[in-house]
Amino acid sequence: MAIEVSINGSAAPGARYVTWAPSPCSARLQAGAGATSPITVTLRNKPSASGGTVVFYSKATAAPANTLSLTLTVGTPVSFFVAGEFGKASVSDGDVALQILNGTTVLSETPLMVRIRKNANTLTPGERDRFVAAFAQLNNKGAGRFVDFRNIHTQAGKPEAHGAPGFLPWHRAFMLDLERELQAIDPSVALPYWRFDQKAPALFTLDFLGSSNSNGTVQFSPTNPLQFWATDGTPGIIRRPLFNVASEPAQNVLTEAQTLALGNKFTLFRGMEGNPHGFAHTSFGGSISQIPTAAKDPLFFLLHANVDRLWAKWQKKFGRFNTTLAAAFDSNAATGGNRIGHNLSDTMWPWNGVTGTPRPPTAPGGPMADSPSARAPGLKPKVQDLFDYQGAVAATSWLGFDYDDIPFA
Ligand SMILES: [Cu+2]
């Protein structure tokens, strides 16, 4: 008996990536030799000592369980849901196997990954090396697709993405776009975050994001492909830390607890664009300290993954995933009172391709990268499409990422 398993609405291997949010799945008993119908089957994790773990739900709103019983009849897909068990993320691609058993007979085995954004300081050497390799390949010694990301975050992008309420949703889209490009190179990669309010001695090393010499030139080990990093025709990265990267957090940044205590309304919380966000940037000399050049340094993306994580944590703490709640965003945004690009129903530059005043003169990079597992936020996302990243308000809003320390809402 053969069973076809679909994950995230697709039987393709590229869709077999889950997070803490329940992913829609189905199992279909196929016609053929030995197929008796109906049969009762059990879904479970293949017993394994390491790697990720998934849990099962009959409905997205049901309680998760370690196993699930389904009755299958030939030809008819039966739906169920799968999520990573919180705290049990994968460490490599396909390190979870979803088994379907009839009695003790294994009818099918589907490899899965619980793909989660993790604290960069805690990555395994394998996770670190795959991330660094994908990032280096995206840049391709300055000749790759990364040039668009570098060019988006410039003076032209400043009013589109900074100093106004859209700062957090815009940067969430920017991170997701880059992460999906990395995943097109290596689907096992998730964007790690630099928790800048803690020391991160494993991050500023020769094998990871590099170690700055006294001139601020970032040094890498001979095996680190980031040694070939180049932007704007110039090799290398200039980054001069103004703090001790081995033993200290970034300079004078608010702690996570202080950031979450900025207030329960978005208008208060978005003050974090100054501190800790701005302070984390200016904890260095070099390109990362200024908007037009910040995205030249790969560290930018780990810094902003943490900014995004802080917003996600704040959303979870105060229940701010639904844009119909006034406190979830800026009060002027629903009525179009903000600058274009900072209202809930505005599309965001550059993914919308719109150029000319009041938008910037160019729109580098084209539309938002698609994902084989998640359909949202679409090719031309609106500000409002970036709030419900876990699909907790509407399952179709799921953006396909999660953080290691923020459970499903
Ligand atoms: Cu920033």
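Reading the assignments in a predicted model

User: What makes domain 1 and domain 2 touching parts in this predicted model?

Analyst: Contact requires C-beta atoms within 7 Å. In this predicted model, 13 residues of domain 1 are in contact with ten residues of domain 2. On the domain 1 side, the touching residues divide into eight nonpolar, four polar and one charged. The assignment places domain 1 at 3-114 and domain 2 at 120-397, and their C-alpha centres lie 33 Å apart.

User: Which residues have the most contacts inside the largest nonpolar core, and what makes it a core?

Analyst: A nonpolar core is a set of buried residues of listed nonpolar types joined through C-beta atoms within 7 Å. The largest such set has 111 residues, and those with the most contacts inside it are Val54, Val82, Ala83, Ala173, Trp194, Leu302 and Leu303. Helix H9 (residues 299-318) gives the most to this core, with eleven residues. Domain 1 and domain 2 each supply at least three residues to this core.

User: Which residues does Val54 touch?

Analyst: Leaving out residues up to four places away in sequence, the partners of Val54 include Val18, Val82, Ala83, Val96, Leu98, Leu112 and Val114. Asn45, Gly84 and Glu85 are also among them.

User: What makes E1 and E3 a pair?

Analyst: Pairing takes at least two bridges. E1 and strand E3 (residues 23-29) are joined by five and run antiparallel, so they qualify. Within E3, Ser26 is the bridge partner of Ser6.

User: Why are E2 and E6 called edge strands?

Analyst: The open sheet has five strands in the order E2-E9-E8-E4-E6, with mixed pairing. Strand E2 (17-18) and strand E6 (67-72) each pair on one side only. E6 is joined to strand E4 (residues 39-45) by six bridges, running antiparallel, and Thr40 stands opposite Thr71 in E6.

User: How do you know that the length of helix H1 agrees with its residue count?

Analyst: H1 (residues 125-139) has 15 residues, which at 1.5 Å a residue should span 21 Å; the end C-alpha atoms are 21 Å apart, so the two agree. Its buried residues include Phe131, Val132 and Phe135, and their cover includes helix H2 (146-152) and helix H4 (167-185). Asn140, with a positive phi near 45°, follows H1.

How values were computed
Residues are numbered from 1 along each chain as its sequence is written. This is a predicted model: local features need pLDDT of at least 70, side-chain atom pairs count only at pLDDT 80 or more; totals for chains, interfaces and linings use all residues. Domain bounds come from an automatic or database domain assignment. Two residues are in contact if their C-beta atoms, placed from the backbone, lie within 7 Å. Ala, Val, Leu, Ile, Met, Phe, Trp, Tyr, Cys and Pro count as nonpolar, Asp, Glu, Lys and Arg as charged, and the others, Gly among them, as polar. Helices (H or I, at least four residues) and strands (E, at least two) are DSSP runs, numbered from the N terminus. A residue is buried if 20 or more other C-beta atoms lie within 10 Å of its own, exposed if 12 or fewer, and partly exposed in between; C-beta atoms are placed from the backbone. The expected span of a helix is 1.5 Å times one less than its number of residues.
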